Each structure stands twice: as C-alpha cells, then as structure tokens.
Amino acid sequence: MASESSPGDTQDEKAALLDTSPEQDVQQQCSTVAKQSESKLTLYHWTQSFNSQKVRLAIAEKGLKCEEYDVSLPLSEHNEPWFMHLNPTGEVPVLVHNDNVICDPTQIMDYLEHNFNEGTPKLIPEEGSTYYHRVQHYRELLDSLQMDAYTHGCLLHPEITVDSHIPAYAATCIRTQIGNTQTELKRLAEQNPELKDAYVAKQRRLKSKLFDHDNMKYLKKLLDELESVMDQVETELQRRVEETPEEGSQSWLCGEFFSMADVSLAVTLHRLKFLGLSRRYWGNGNRVNLETYYERVVERPAFRRVLSHVNNILISALLPVAFRVARKNAPVIVGTTLLIGILGGATYLAFLYMKKRLTVSF
C-alpha cells in the first residue's frame, strides 16, 4: 500500500494530521462549540460495555460534548420496552443526534468523525491515503475480535485467567443472571406484543451466545486466534519504532497521530487486562512494543477520563436485585433512612440528657 503514494504525498498526509497552529486551535474550538450548540448528541451506553467504551473514548478524544445515559445491563434496562423501541436489538451503545439514531458502534464512530471533523482531532485520515488504508485495516482486524466471547468466557471460566479483576465466585452469579434474563425476555415478549419479534430474536441470540461462550474448546480456539492478531499488532508497532528512531519521538499504531485504530486497540488491551489475560499476550519480555504501547495509552487524558474507573463491575454485576430495588423505590428508601436517622439521633440525645441528669443527681 505504501508504494501507491510518493514520499512527498506521505509527508503531506502526515502534516495534515499533525500540523495545527495555536490560532487555528482557538478558532476551531470556537467553531466546534458553536456547531455543537446547534445540535445535541445523546449517547445511551453502559460503562462496562466494551463497545460503549470504544465510542466513549472516541468522543473523549475528539473533545465532543455529549449527554450520556447509563443503561445498566445487570439491571436489564436494555431490555425495557422504551430502550427496545430505540434499538430493537436491545444492545448498547446507541447514539441519537437530531433525528438520527445510530446503533452500530463502528457506524457511530464513523458518523462522529464525518459530522464533527472541524475543530476536533482527526481520528480517520483522508480516504484513499496510505494512512487511511492502514487505519481501516487495523480497525477491521481489531473489531473482528469476538470480545463478548472473551468476556463471557473468562467470567464463566475464571481458571483460564491470571490476575483477573473478577473473583471466581462471580461465575455463579453471572450464570444465574443469564438464566433470569432468558425468563424475563419471555415475559416481556408476552407483555409487549408490538415488540414480541424483537424479544424472541434476542432470546435466541442470548441462548446461542451462552452455548458458544461456555464451550471451552471454542474459547481456546478464539484465544489462539487472538495470538495471531497480537503478533500483527506487535509487528506494526515495531515498524513505528524503526520509522522514528530519534530519542523522545513517539508514534501510535498507524503513525505519529492517534487514530480510530488506536481507540480500538486501547480498549481491547484494557479489556484483556481486566479479564486477566494480559500476561498471556504481553509483558515479561513478550511483545515489548505492545507492553510499552499500553503503558503510554493509559496515561492519555481521554483514556483516564473514560476507562480509569470502570473496574467496579463487581458491584453492578453481583448485586443487580439490590440496585433495582433501590432505584425503583428511591424516595421510600431515602425517606425511611432519613426517619431512622432522625429517630436514632433523638434517642441518642435523650440518652445523653438522662445520663447527665443522673450524674448531677448523684
């Protein structure tokens, strides 16, 4: 692909991605704010959803203002009729912009790039350029990974992980939750006849996924395929090292600019680390470029804002019933808690008063 463009063309492409003066920055930021004030971005997501994380990281890297609504998967909020009307597949994320509703994560990221490309960092190079083909190649390669299978497989079979952030006892809770979800989808299909086909289709997909993701032979095959993908990424990162040998100069996956391919890679590595699979794919002298890349990417401000505090999945995953009760009965719970607090405080004050009286009388 590099042979299709002359060295001068490549330098021009690089300059277009990197060169922006401070005055242009200010003008572009003002233009972006003005443009965004005319339209509203709304993202329905779940903080721990892999696809949601990719979209949220892209939004953060571009510096876009976006209203976010957390749709809790453990609480089955993505199965509720209001959300199924928004996205009949019942999957997050969903982006709403004016009259446009986009439900596919890749399409959302492309939409953001194409519609908010003035005054924001460019995450996809000009179509037809060398860098464009490189970025698209690695986006497709990384996005082809079945991350839901890795996630569910490690949850159901923690014995294949090392240093997972998820305790072994979570597997039982997850299995129970999946079973409850299948029952709930059947009930919702009966209660909402206009959405019956959507609920039935989702129930079938869930059953098929559970069968595949609980299959150790299938999971090991996917993990072996991931080795090949990580080898390709390591080789590409080594090319960047050889292209920029100067001390202090740094590149990302496809060049000296951070791209949509880096968004996919950063979130993929973060998920593998969370699942306890990182030691299998990098570290201790194995894929040193990948290890260095991860150490650098976690320090990016956008990454820290989006992904540095999302490893609290245990509470939301293991206590969904408690959260559902608290959310649906929040006024009652708050009122009861307040009443108990007042009564407790009054009792304690009365105790102190009587104790003082008794001390004085003696």
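Modeller: Let's start with a rule: a charge sits over a ring if NZ of Lys or CZ of Arg is within 6 Å of the ring centre and within 35 degrees of the ring normal. Keep in mind that this is a predicted model. Here the charged end of R296 sits over the ring of W252, 4.0 Å from its centre. R300 lies over the face of F258, at 3.9 Å from the ring centre.

Biologist: What makes S264 count as buried or exposed?

Modeller: Buried means under 20% relative accessible area. S264 has 1% relative accessibility, so S264 counts as buried. S264 belongs to helix α11, residues 260-275, and its side chain makes a polar contact with the side chain of D143 at 3.0 Å.

Biologist: And the aromatic pairs, how many are there?

Modeller: The structure has seven. In one of them, the ring centres of Y44 and W82 are 5.9 Å apart and the planes meet at 55°.

Biologist: What about W82 and F83?

Modeller: Their planes are 80° apart, with 5.6 Å centre to centre, and that pair is edge-to-face. F83 is buried, at 0% relative accessible area, whereas W82, at 42%, counts as partly exposed.

Technical notes: Residues numbered from 1 in each chain as written. Predicted model: local features only at pLDDT ≥ 70, side-chain atom pairs only at ≥ 80, totals over all residues. Heavy atoms only, no water. Helix = DSSP H or I, 4+ residues; strand = E, 2+ residues; numbered from the N terminus. Buried < 20%, exposed > 50% of the residue type's maximum accessible area, 1.4 Å probe, protein only. Polar contact = N/O pair within 3.5 Å; in protein donor to acceptor, adjacent residues only side chain to side chain. Phe/Tyr/Trp six-rings, centres within 6.5 Å; stacked < 30°, edge-to-face > 60°.
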